[in-house]
Amino acid sequence: MQFTKMHGIGNDYVFVDCFRQSLPEAPETLAPRISDRHFGVGGDGLILILPSEVADARMRIFNADGSEAEMCGNGVRCVAKYVYEHGIARKNPLTIETGRGVLTLHLQLSNDKVHRVSVDMGEPILEPSRIPVQLSGEAVVEHPLTVDDTVFPITCVSMGNPHCVLFLSQVDGDLVAKIGPKLERHPLFPNRTNVEFVEVLSRSEARMRVWERGSGETLACGTGACAVCVAGVLTGRLDRKVQIHLLGGDLNIEWQSNGHVLMTGPAEEVFTGDWPE
Ligand code: ZDP
């Protein structure tokens, strides 16, 4: 099976072109093996690029633990780059079918290569039952949650996949590794959750680290950065247009007046190879 290794600001995945080869039999068991950084190719997960009835292509994403996610921000920019550059659809904009619907992606090209992509990520979902988080009310904004005897005000947002955002005065790796998995698997989140740890730098700038559902800490999360922008506006900390600094690089996020979130960032192809199955 041919694969292509790609990343969006260090959030790296193994991509399989299912236009040109058959779908892997059991992607949920292939994902942990191919993502293993010692015994496999290495990555935060597996992404399948498939034909679609309703868009230029369809994306399915499996986390490193084999769980399938509804959406991914860094991955969909890479899918757009692959679809354009490998001649599946040389169009701009492109449409990609995901677990949260068909998205429109505008490509920034130079010498016919895709360097950056702007994705209309759709509207954020705030209704607790649709995130899902087992709390009442119209939205979960700064709800005090105690973990390890510390109270963390959580704000919950879905971008098709669930996010739990924490604003803190200081964020370090120990905190992410200690609290991340406990919130990911907290009983409040029936489908588990991604967890964002955020330091606000100004009204238009923030630094974040992320503990991803099914992958652990990663260098970046695109849907997570979108959730941080939305949570920042809801809690009065951030303006609607922000730059988010992640361990792997920067993303530009805008919660537009039409209610849609626009995410802009790079996408890179690293190498291709053969997986012996
Ligand atoms: O929702 C989830 O289970 C995520 N771990 C999916 C991956 C999200 C991604 N990192 C992103 O950029 O949004 C690809």
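**View 1. Strands β15 and β16 form an antiparallel pair.** Welcome to the sheet: β15 and strand β16 (residues 249-255) pair in the antiparallel sense over 6 bridges, where strands are DSSP runs of E with at least two residues, numbered from the N terminus, and two strands pair if DSSP finds at least two bridges between them. Lysine 241 stands opposite glutamate 254 in β16. A hairpin through 2 residues links β15 to β16. This is a predicted model, in which local features need pLDDT of at least 70, side-chain atom pairs count only at pLDDT 80 or more, and totals for chains, interfaces and linings use all residues. Residues are numbered from 1 along each chain as its sequence is written, and side-chain values use heavy atoms, with hydrogens and water left out.

**View 2. Strand β15 also pairs with β13.** Here strand β13 (residues 205-212) and strand β15 (residues 241-246) run in the parallel sense, with 3 bridges. Look for alanine 206, whose bridge partner in β15 is isoleucine 244.

**View 3. Glutamate 199 sits in strand β12.** Glutamate 199 counts as buried because its relative accessibility is 14%; buried means under 20% relative accessible area, exposed over 50%, and partly exposed in between (1.4 Å probe, protein chains only). A polar atom of the glutamate 199 side chain lies 3.1 Å from the backbone nitrogen of valine 171. Beyond residues up to four places away in sequence, glutamate 199 touches Leu168, Ser169, Gln170, Val171, Ala206 and Arg207, a contact being heavy atoms within 4.5 Å.

**View 4. Phenylalanine 189 lies in the loop between α3 (173-184) and β12 (194-202).** This phenylalanine 189 is counted as buried because its relative accessibility is 3%. Leaving aside neighbours within four places in sequence, phenylalanine 189 is in contact with Pro132, Val133, Ile154, Cys156, Cys164 and Leu183. Glutamine 134 is 55 residues from phenylalanine 189 in sequence, yet their C-alpha atoms are 6.5 Å apart.

**View 5. The largest pocket has a volume of about 210 Å³.** A pocket is an open set of points on a 1 Å grid over the protein atoms alone, where a 1.4 Å probe fits, with protein on both sides within 12 Å along at least five of seven lines; lining residues have an atom within 4 Å of a point. Among the lining residues are Met1, Gln21, Arg33, Trp275 and Glu277.

Notes
Points joined across faces, edges and corners; volume = space filled by probe spheres on them. Helix = DSSP H or I, 4+ residues; strand = E, 2+ residues; numbered from the N terminus. Polar contact = N/O pair within 3.5 Å; in protein donor to acceptor, adjacent residues only side chain to side chain.
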